[in-house]
Amino acid sequence: MSTNRDTLVHAFDALLQPAPFKDYGPNGLQVEGRAQVRRLISGVTASLALIEAAIEMQADAIFVHHGLFWRGQDGRVTGWMKQRLSRLLAHDINLIAYHLPLDAHPTLGNNAQLARVLDIALEDGVRFGDQSLGFMGQRPAAPAEALAAHVEQALGRPVTLVAPPGHTVRRIGLCTGGAQGYFEAAIAAGADAFITGEISEPQAHYARECGVAYLACGHHASERYGAPAVAAHVASALGLEHRFIDIPNPA
């Protein structure tokens with residue numbers, strides 16, 4: 001089966017509701033390709049490697065969390081931007097990207113899906129931080145070191161843990177990607193631990209001084225789950241073929 005490009009984008013818009021978000025770039029259709037879509041590829045970032053893999057699979061559309069266009073770019077189509085755009089345009093592939101709306105979806109988004117992977121039971125409707133992007137959940141009480149080991153096993157990569165000695169964790173705030181700036185909001189919301197992708201210099205001090213554990217598990221690793229969940233949901237509803245392609249990234 002196939003669907004019209006506009007129908008596909010409308011389905012993503014209806015699910016993710018991008019309008020209320022103050023975002024860093026455009027959400028929705030970023031590069032227009034062929035009008036009819038049969039095969040949809042999802043991935044984390046619209047990298048050249050993902051685009052080449054989608055071309056190999058004869059994709060009609062690519063759905064990602066990190067698109068091509070961001071606030072602050074100078075707008076010149078040179079270097080990596082030329083390479084990516086030229087491949088999309090030459091093969092008439094649609095590029096569809098949603099940033100913060102994909103983080104925020106209550107069941108299929110990056111935060112909800114990371115909680116699922118980590119066996120964290122989300123507290124219904126409890127959010128924190130700017131634009132309510134932070135989620136709060138719970139696990140059985142355990143030492144922070146045990147939580148870090150669990151996260152490492154689930155995600156298959158090392159975790160940076162900063163925690164007070166002997167700290168016990170039950171209530172967990174999480175916000176995927178580069179959300180280290182949400183740590184203070186998680187503390188204020190009553191978290192025993194905060195899970196995100198990255199850590200900056202101030203967060204280690206906040207963790208020690210406020211008595212709350214901080215776990216940085218990788219930007220890419222924390223955001224591998226929302227795009228395929230959303231794309232699979234929409235593809236199933238519209239009768240499209242779908243495949244997730246994970247391009248390895250150590251960040």
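This is a predicted model: local features need pLDDT of at least 70, side-chain atom pairs count only at pLDDT 80 or more; totals for chains, interfaces and linings use all residues.
Residues are numbered from 1 along each chain as its sequence is written, and side-chain values use heavy atoms, with hydrogens and water left out.

Staying with His-167, you will find this residue in the loop between strand 9 (160-162) and strand 10, where helices (H or I, at least four residues) and strands (E, at least two) are DSSP runs numbered from the N terminus. If we take contact to mean heavy atoms within 4.5 Å, and leave aside the neighbours within four places in sequence, His-167 is in contact with Ala-142, Pro-143, Ala-144, Asp-192, Gly-211, Val-212 and Ala-213. Ala-221, by comparison, is 54 residues from His-167 in sequence, and their C-alpha atoms are 25 Å apart in space.

Let me turn to charged pairs. Side chains of opposite charge can pair when their charged atoms come close. The rule used here is that a side-chain nitrogen of Lys or Arg lies within 4 Å of a carboxyl oxygen of Asp or Glu, and by this rule there are eight salt bridges.

One of them joins Glu-241 and Arg-39, with 2.8 Å from N to O. Because Glu-241 lies in strand 13 (residues 241-244) and Arg-39 in strand 4 (residues 39-45), the pair ties together parts that are 202 residues apart in sequence. Glu-241 is partly exposed at 36% relative accessibility, whereas Arg-39 is buried at 16%.

Another salt bridge is formed by the side chains of Arg-171 and Glu-123, again with an N to O distance of 2.8 Å. This pair also links distant parts of the chain, since Arg-171 sits in strand 10 (residues 168-174) and Glu-123 in strand 7 (residues 121-128), 48 residues apart. Here both partners are buried, Arg-171 at 18% relative accessibility and Glu-123 at 15%.

There is also a network, in which salt bridges that share partners join Arg-5, Asp-6 and Glu-32. Within it, the side chains of Asp-6 and Arg-5 meet at 3.8 Å, N to O, and Arg-5 is buried, with a relative accessible area of 11%.

Next, a helix. How far apart are the end C-alpha atoms of helix 10 (residues 226-238)? They are 18 Å apart, which agrees with the 18 Å that its 13 residues should span at 1.5 Å a residue, the expected span being 1.5 Å times one less than the number of residues. The buried residues of helix 10 include Val-230, Val-234 and Leu-238. After the helix comes Gly-239, whose phi is positive, near 75°.

That brings me to backbone angles elsewhere. Most residues other than glycine have a negative phi, and most peptide bonds are trans.

On a 1 Å grid over the protein atoms alone, a cavity is a set of points where a 1.4 Å probe fits but cannot get out, while a pocket is an open set with protein on both sides within 12 Å along at least five of seven lines, and lining residues have an atom within 4 Å of a point. Grid points are joined across faces, edges and corners, and a volume is the space filled by probe spheres set on the points.

There is one cavity of 30 Å³ or more, and the largest cavity has a volume of about 40 Å³. Its lining includes His-65, Trp-70 and His-99.

The largest pocket has a volume of about 230 Å³. It is lined by 16 residues, of which Tyr-24, Leu-100, Gly-178, Ala-179 and Tyr-182 are the closest to its centre.

Technical notes:
Buried means under 20% relative accessible area, exposed over 50%, partly exposed in between (1.4 Å probe, protein chains only).
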